[in-house]
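Please look over the structure shown here. The report that follows takes up a surface feature, then a sheet, then the overall build of a chain.

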Amino acid sequence: MAGSSAQRDKRAAWLFLAPSLFLYALYVLFPILFTIYLSFTNWDGVSLSAPPLCVADPTVSCAQNYIDLWNDDVFWVALKNNALWLVFFSLSAFVGLGLALFFHVKSRVASFYKSLFFMPMVFSLVVVGTVWGWFLQPEFGLVEFLLKKAHVLGPDDQFGLLADFQWATAGLIVAAAWPHAAYCMVLYLAGLSNLQKNVLEAALIDGVSKWQMIRHIVVPMLRPATVIVVIVTMIGALRTFDLVAIMTAGGPANSSNVLALYMYQQTFESNRYGYGAAIAVVLFAVSLVLIIAYLRKTREGEGG
Amino acid sequence: MKSTLATRSCSFALLLSAFAPCAALAAGSLTINTNASDPSAKKAFDNVVEKFKAENKDITVAVNVIDHESYKVQIRTWLPNNPPDVASWFAGNRARFFVDKKLVEPIDDVWKPVEGEFSEGAKKASSFGGRRYLMPVNYYHWGFFYRKDLFEKAGITKAPETWSEFTDGIAKLQKSGIASPIAIGTKQAWPSAAWFDLLNMRVNGYEWHMKLLDGGERYTDAKVKKSMGLWSDLVKKGAFPKNAAALTWQEASALMWQGKAALYLMGNFITGEIPKEMQGKVDFFPFPTVDPKVPSSQVAPTDVYFIPAKAKNKENAKKFLSFLARADVQESFTQESGLLPPNTKAKVDASNPFRVKGQQVLAEAKGLSQFFDRDANEEVAKVGMDGFVEFMAYPDRLDAVLKKIEATRTRVHGKK
């Protein structure tokens, strides 16, 4: 009897899972597999039927897209920029934590200011990119205007951050960090409201300083929120596309390009569907490795 | 909205999915896909369609207007699978790609009665392998738009016609206090390519330029270096804005309205951006001659309509293309869109001096190119234009930039 009921349970479980598994397969697994398949073809996007795989097509060598990628300077620039994003974009998580701690302490007084800080998160990244693009513009931009008022720049100087081959990415990350810090703040605020009060009270009775409280009690207890913040930040940095497309279009001359945008440009502007797919596969692999590594590490920390 | 149910269901199907078949329309129908999505272009095209309907009451016309960028991506899906009866596109190599794949219907019979009304340049741009495939409906000119008042203030009495007059003029403008007189914005890389197109055509001639863009010559050729050298001189003199790479072409035009720049190599569409207080202060001159032995040619991007090889109502489609070819239709069509009619019998209204000058410049041209990113293969064009932007920031990297473009050309077109 027990065995058959367990079997029935199993069947029921699969039945209940079926709809979401079907959608998952359709919208997640199939596109991933098809993209991997495309990366081994040199499809131009026009053929009637599915493009022939490299093994069936004598005109293509299987690894061609990946060999081309290896020899493509722009690919390495984009990969490097994604790494820069990963490192510096994460700083906005610290800003978010700082804001959350600040506003949590004075939560009632500061709810108005809290909502001000929260605001950029509501904007679409397209809006953020457009507005920051205007701020950072040479000749007409707000930042140049202010720097001139403050006599940091001379009257004939220009603030050409987004035209600079070395520094354009910095301007993009600053713009992206603005809404992202707000996002991290919200995540940490939620985490803070779930802290165990008795632990905090015990610490207060033991007479810890404010800094010790934050460093040794609050931050470790915020661990679940931190896991989410880190993953969200990592994914945000890796898949960044819209801000770059709007503020610099990857320019000047690809110096601020990132993998997601370069994939789009190669696929839909240069019509190299296979090559674009190969870039997507690399981006996918990088994300997968980083996120799995991070999740492993956090689980080890939990002793699980 | 006068759209019929058929139109709506068809555009709805397009909205849902680029793969969805357009609703099968009754006999005596005509489906048109167009990228004429800007308000003025859309209105002009709507009026043309209304006129066609009035003349052909038995044909039900359905028009799908698709925005420019989506159109470029989607056409690859519906053209081989579920094409409309008539579709808009660009002349030159962008069309050759589809012609080579046998996706375009030849229309020599549509052309026959109007052969004599089109210029050689327009005919060349519509033909591949000796057959006509495309019907040009409008084009526009490129050249220098400039501030007359600033030129006068700098002591330039007439618009430059030769390269030495041009460089003298730049020097005079710089002396008059305009540090970077030539406006350009390369946040989108394409405005830089106009400089390459026109300089290379002026130095090496139309035929050689087109052969290069077709993939038949090397970008590392000494001839390319010669034309780039003239450009490099201007860059090194600081004639272009230092931070051009952070400006869009519209933002760069503001430099000219503010008097921070005095001239701008642009397409005629810039005249739609001229603010009220600048009206009458802006004029046009064509790109100056560099080598008097090289006959004049121009950049004139041409919009065309064609019949997909798998169209269902080819007779109606041909009727529509013959209609589009007519001088009176092109006259009213381009009058509204502000572009120029490739049919030379069509008149250009004298109230807009830019159009009159443009029509004259294009009529005198011995060759018309379509613009770098339409004449060259897309991959080469992308690498090329990014290369031009890099070169404008670091003119000393010229050789490295040309090598990069040449490497892509080799990969796409093979070794020469």
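## A partly exposed phenylalanine

In this predicted model, A:Phe123 has a relative accessible area of 38%. A:Phe123 sits in the loop between helix H5 and helix H6 (125-135) of chain A.

## The nonpolar surface patch

A:Phe123 belongs to a nonpolar patch on the surface. Helix H5 (residues 111-122) of chain A supplies the largest share, 7 residues.

## An open sheet in chain B

Chain B holds an open sheet of 5 strands. The order is E2-E1-E3-E12-E6, and the pairing is mixed. Strand E2 (60-65) and strand E6 (135-139) are the edges, each pairing on one side only. From one strand to the next, the twist averages 25°.

Strand E1 (residues 29-34) of chain B runs parallel to E2(B), and 6 bridges join them. B:Ser29 stands opposite B:Thr60 in E2(B).

## Overall build of chain B

The secondary structure of chain B comprises 18 helices and 13 strands. Its radius of gyration is 22 Å, close to the 22 Å that the globule rule gives for 416 residues, so chain B is as compact as a globular protein of that length.

Along the principal axes, the C-alpha atoms of chain B fill a box of roughly 70 × 50 × 40 Å. Of its 416 residues, 57% count as buried.

Note on methods:
Residues numbered from 1 in each chain as written. Chains lettered and ligands numbered in written order. Predicted model: local features only at pLDDT ≥ 70, side-chain atom pairs only at ≥ 80, totals over all residues. Heavy atoms only, no water. Pairing = 2+ DSSP bridges. Helix = DSSP H or I, 4+ residues; strand = E, 2+ residues; numbered from the N terminus. Axes fitted to C-alpha atoms, helices over the stretch in contact; angles between N-to-C directions. Patch = residues over 30% accessible without salt bridge, like charges linked within 9 Å, V, L, I, M, F, W, Y side chains within 5 Å. Areas by Shrake-Rupley, 256 points an atom, 1.4 Å probe, with all protein chains shown as cover. Salt bridge = Lys/Arg side-chain N within 4 Å of Asp/Glu carboxyl O. Buried < 20%, exposed > 50% of the residue type's maximum accessible area, 1.4 Å probe, protein only. Rg over C-alpha atoms; globule rule 2.2 N^0.38 Å.
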